[in-house]
Amino acid sequence: SFGIIIPYYAHDICTQKDRLRVLRESVILVVRDYNRIIDSLPANEKGLFIEAIDNLNKTLIPGLSKIRWTSDNGMSESFLKACEKRCGDVYNLVMMVRNQKKVIEEKCSKISETHLLRVEKNVYEKGSFEEAQLSHRSDKVTFLEKTFMEIKAILNIVFDSFRTERFEVIKAWVDFLHSIDNTLESSLKKSAKGSLLELSKAITGDAKTNPTLLFKVYPILDEEKKAIDFDPKVTYLHEMIRKATNTMVDILLHVPKMEKVILEEREIERQQEEATREQEEKNAKRPGMAGSRLPKRPINSNDPKKPGEMGEDFTEKGIIEKRLKTLTGSPSFHEIIAKDKDIDGILKAIFKRIKACTAKVEDETKKWTKHRNLWEADKEKAVRRIDRGNPNLRVYKD
């Protein structure tokens, strides 16, 4: 002994050295998990997780004030286990949203790579191009409708994890849906643009390739005009391509705004919940009808804004109704893409090339003008004249 008196608390800490070391390592793990959650939050989606983060903070706060770490009563260990579990739950929620969003982006990528027109490397006979587009269009409508429903199902799964009355979360969810619509719009625009570029490449060529033979036409004798013409006519081909491009854009009518569809469904669901709650409350007031009631979820006390402030309704009902009112007057994907400047420019280049072909066809028909006597002459009269002359073979030979 050195005659040094060791304080009781220091002695107590020394005797719990191994236990405190384990606690220290557990605290470090909790801190690491918490930081991992914060670092993994997308900057534009933090509002979605604000309630989950606040609840996690409430779980951690006792460790800064109430928990006595030197007390060997098991509370510290139980607290840390609860913190680890809570951190794990929040991190899994963040990763679930990230993974589901990645799946949605992959599906949107497939949409952007989809060609809405079928332009094969062969020569189309009259009528075959329209038939090819009809079957192809049916397949692509089915594909787009299926993909839309798959994305919608994913978003409904995500929404189930964010059912709340908290203003920031509801608003962030609406913004999240809007971002999905932006991704969908970009993908559909790429699909339409890529489809038209493929058609343009076949008709007008590009810097690397020359125009290819796409439609087969035949020279015919027009009995009414008494002139050489082509079948099908260039005007027919022009109208055929115009209809094909218009119906290609019309395919997009089968893809509505995702935000509007989900919010409308949520509003119907919310109204049904309110009606059920009101009925339960009426039943509870009747003698002998007391039973379980659906409690009204109050607005979270942490909300910076409440219904009535600045004359706005910040409940889920108010936010959804306001957003739906905005969406009612907004253009659809079909309207946006139909008026896109890039797509309009490609269409103009296609029809400019077709117009140039019209002049070439007219020049081609003029070459036959010098032979017009072959079809303008009265053939029956010529035959009768030869028959009256009764020429012999020597005449034909000469």
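Which residues form one aromatic cluster together with Tyr124? In this predicted model, the cluster consists of Tyr124, Phe129 and Phe215, and the aromatic pairs come to a count of six.

**Packing of α6 and α7**

- Helix α6, which covers residues 128-159, packs with helix α7, residues 167-204, at an angle of about 160°, and their axes are 12 Å apart.
- Because an angle over 145 degrees counts as roughly antiparallel, α6 and α7 are described as roughly antiparallel to each other, and their crossing is right-handed.
- On the α6 side the contact is made by Leu144, Ile151, Leu155, Val158 and Phe159, while α7 contributes Trp173, Phe176, Leu177, Ile180, Leu184 and Leu188.
- Sorted by class, this contact of α6 with α7 has eleven nonpolar residues, with no polar and no charged ones.

**The pair Tyr124 and Phe215**

- Tyr124 and Phe215 form a tilted aromatic pair, with 6.2 Å from centre to centre and 40° between the planes.
- Tyr124 lies in the loop between α5 (75-112) and α6, and Phe215 in the loop between α7 and β1 (218-222), so the pair ties together parts that are 91 residues apart in sequence.
- Both Tyr124 and Phe215 are buried.

**The pair Trp173 and Phe176**

- The ring centres of Trp173 and Phe176 are 5.7 Å apart and their planes stand at 20°, so this pair is stacked.
- Trp173 and Phe176 both belong to helix α7, where they are three residues apart, about one turn of the helix, and both are buried.

Key:
Residues are numbered from 1 along each chain as its sequence is written. This is a predicted model: local features need pLDDT of at least 70, side-chain atom pairs count only at pLDDT 80 or more; totals for chains, interfaces and linings use all residues. Side-chain values use heavy atoms; hydrogens and water are left out. Axes are lines fitted to C-alpha atoms, for helices over the stretch in contact, and angles run from 0 to 180 degrees between N-to-C directions. Helices (H or I, at least four residues) and strands (E, at least two) are DSSP runs, numbered from the N terminus. Angles under 35 degrees count as roughly parallel, over 145 as roughly antiparallel, 65 to 115 as roughly perpendicular and the rest as oblique. A crossing is left-handed if the near helix is turned anticlockwise from the far one by less than a right angle, and right-handed if clockwise. Contact means heavy atoms within 4.5 Å. Ala, Val, Leu, Ile, Met, Phe, Trp, Tyr, Cys and Pro count as nonpolar, Asp, Glu, Lys and Arg as charged, and the others, Gly among them, as polar. Rings of Phe, Tyr and Trp (its six-membered ring) pair if their centres lie within 6.5 Å; planes under 30 degrees apart count as stacked, over 60 as edge-to-face and the rest as tilted. Buried means under 20% relative accessible area, exposed over 50%, partly exposed in between (1.4 Å probe, protein chains only).
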